[in-house]
Amino acid sequence: MYIHERENWINFKWDSKKVLLKLSETRNLQGKLLGRMESLGFDIQKEAMLTTLTLDIIKSSEIEGEILEQQQVRSSIARRLGIDIAGAVNSERHIDGIVEMMLDATQKYDTPLTKDRLFGWHSALFPTGWSNMFKIVVADWRKDTKGPMQVVSGAIGKEVIHYQAPNAERIDSEMEKLLFWVENEKETDPVLMASIVHLWFVTIHPFEDGNGRITRAITDMILARSDNSVRRFYSMSAQIKEERDAYYEILEKTQKGTSDITDWILWFLECLKISFESTYKSLDKVLQKAEFWKSHSLTVMNVRQKKMINRLLDGFTGKLTTTKWGKICKCSQDTALRDIQGLMKKGIMSKETSGGRSTSYVINYSPNDSRVS
């Protein structure tokens, strides 16, 4: 029996003593992190928020098996937030849609969550009305015309059904209860609410596709309410991606259990707590990047050089060669080599000592550990 098949299944229960202890620990870390971020300069806050939102969107899509191009996501967010960044690129339509959904959730966190708003998010996720090679129902609840909504894994003929969602005819009434609770519940702590609503929405599974990403967008919206801020400095989606197997395991266990959701809440809060701790590591990179540009504020560089240095500071994958420089900056290899040699003369870059078939280059920047504590 699935949880939604039980009578009064949404009368969720939990062990208050265990949950309040974990909630207190999580809230304490959250307060320290937000307080530390507020003490930083406005430019560093903007860079940290841009980094976090980019990570959040990329990891939320990776959970569903979709790989997004980081620079496109970052550029799309920057354009919509009015943040000027070096090396901005054009972004594809579906990436803009995902960004629009996430920004609507987090930048308008105090706007009521309604059926029409959710339909708008769904339209943004699937602007063409297609999911991969399949035509789907967009901006409406699923219809189950091809059978019940199931979460399945395994090869054809050896499928394992992990979960079966409520029938389509129940969705409207089930979602009405959820949306009413989100906007009218005043006694439950917002962080605790985020854990409950996450489970509640993904259990209803109201859409034909995109339920996971919309679940995480709702979670981010409620967490933004708990912060009372549009500035996002931590990513729950990134941590869920790191613990994907454990996430699906606790979700399946809970959806096949009773309305006592203690274990789910404790797992969610621990995951959120770790995401706060992970933020300090990503903040390191932001602070190092800010320190680099501060130390080179008077160094003359062209647009291509600034673009590539930012790519390196953001975390460049693989080895940087003149070929890669040329492709990214849309210039010839000769121009790329001149750009690199110019930076080498300024002491900013050097040849990589590891050797190899092609000459590669690295940035000469080893800042002191700026770990926030």
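The axes of α1 (16-38) and α8 (211-227) come within 11 Å and cross at roughly 70°. The two helices are therefore roughly perpendicular to each other, a label for angles of 65 to 115 degrees. This is a predicted model, in which local features need pLDDT of at least 70 and side-chain atom pairs count only at pLDDT 80 or more, while totals for chains, interfaces and linings use all residues. Residues are numbered from 1 along each chain as its sequence is written, and side-chain values use heavy atoms, without hydrogens and water.

**Helix α1 against α8**
- Arg 27, Gln 30 and Leu 34 of α1 meet Leu 223, Ser 226 and Asp 227 of α8, where contact means heavy atoms within 4.5 Å.
- By class, this contact has two nonpolar, two polar and two charged residues; Ala, Val, Leu, Ile, Met, Phe, Trp, Tyr, Cys and Pro count as nonpolar, Asp, Glu, Lys and Arg as charged, and the others, Gly among them, as polar.
- Axes are lines fitted to C-alpha atoms, for helices over the stretch in contact, and angles run from 0 to 180 degrees between N-to-C directions.

**Helix α5 against α8**
- The axes of α5 and α8 come within 11 Å and cross at roughly 130°.
- The crossing of α5 past α8 is right-handed, meaning that the near helix is turned clockwise from the far one by less than a right angle.
- On the α5 side the contact uses Arg 117, Leu 118, Trp 121, His 122 and Leu 125, and on the α8 side Arg 213, Ile 214, Ala 217, Ile 218 and Met 221.
- Seven of these residues are nonpolar, one is polar and two are charged.

**Helix α6**
- Helix α6 has 17 residues (168-184), which should span 24 Å at 1.5 Å a residue, and its end C-alpha atoms are 25 Å apart, in agreement; the expected span is 1.5 Å times one less than the number of residues.
- Its buried residues (under 20% relative accessible area) are Ala 168, Ile 171, Glu 174, Met 175, Leu 178, Leu 179, Trp 181 and Val 182.
- The cover over these buried residues includes α5 (115-125), α7 (190-204) and α8.

**Positive phi**
- Most residues other than glycine have a negative phi.
- Asn 8, in the segment before α1, has a positive phi of about 50° and is exposed (over 50%) at a relative accessible area of 52%.
- Asn 132, in the loop between β1 (130-131) and β2 (134-135), has a phi near 55° and is exposed at 73% relative accessibility.

Notes
Helix = DSSP H or I, 4+ residues; strand = E, 2+ residues; numbered from the N terminus. Buried < 20%, exposed > 50% of the residue type's maximum accessible area, 1.4 Å probe, protein only. Parallel < 35°, antiparallel > 145°, perpendicular 65-115°, else oblique.
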